[in-house]
Amino acid sequence: MYTEHALKRSQQRSIAPVVVDILLEFGKCGRHKGAAVYYMTPGTRKQAKYYLGQAEYKKIENRLNTFAVVSDDGPVITLCHRTKRLKF
């Protein structure tokens, strides 16, 4: 489930729904200002690669430098490309 803002940002930033699904399924979760932030680490990337298989993982590997901010109520608030180290 996405907020209007998240849908707009995903379209503006060309972040595919499959990438968001992988972030939420395999990504590491951190807390920041009352919301959950999902992002990929080297370990979670390995898990995703094992689950998806080599061929499918290769298709989305370069798109996994993103993070998703999710509210405690459930919907994705926003999506961003990760250009710097996240600090929690």
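Which side chains meet R31 and D72 in a salt bridge, and at what N to O distance? The two side chains meet each other: R31 and D72 form a salt bridge at 2.8 Å, N to O. Welcome to the close-ups of this predicted model, in which local features need pLDDT of at least 70, side-chain atom pairs count only at pLDDT 80 or more, and totals for chains, interfaces and linings use all residues. Residues are numbered from 1 along each chain as its sequence is written, and side-chain values use heavy atoms, with hydrogens and water left out.

**View 1. R31 and D72 link a strand to a loop.** A salt bridge here is a side-chain nitrogen of Lys or Arg within 4 Å of a carboxyl oxygen of Asp or Glu. R31 belongs to strand β1 and D72 to the loop between β3 and β4, so their pairing ties together parts that are 41 residues apart in sequence. Strands (E, at least two residues) and helices (H or I, at least four) are DSSP runs, numbered from the N terminus. R31 is partly exposed, at 47% relative accessible area, while D72 is exposed, at 57%. For these words, buried means under 20%, exposed over 50%, and partly exposed in between (1.4 Å probe, protein chains only).

**View 2. Four strands make an open sheet.** Their order is β1-β2-β3-β4, and the pairing is antiparallel. Two strands pair if DSSP finds at least two bridges between them. β1 (28-32) and β4 (76-81) are the edge strands, each with a single partner, so one side of each has no neighbour in the sheet. Look for A36, which stands opposite V70 in β3.

**View 3. R45 is buried without a salt bridge.** You can find R45 in helix α3 (residues 42-52). The nearest side chain of opposite charge (Lys and Arg count as positive, Asp and Glu as negative; His and the chain ends are not counted) is E61, 5.6 Å away. The R45 side chain does reach the backbone oxygen of L64, at 3.5 Å. Leaving aside neighbours within four places in sequence, R45 is in contact (heavy atoms within 4.5 Å) with M40, Y57, E61, L64 and N65.

View 4. K59 is exposed, at 53%, and E56 is partly exposed, at 41%.

Conventions: A polar contact is a pair of N or O atoms within 3.5 Å; within protein, one must be able to donate a hydrogen and the other to accept it, and residues adjacent in sequence count only if both atoms are side-chain atoms.
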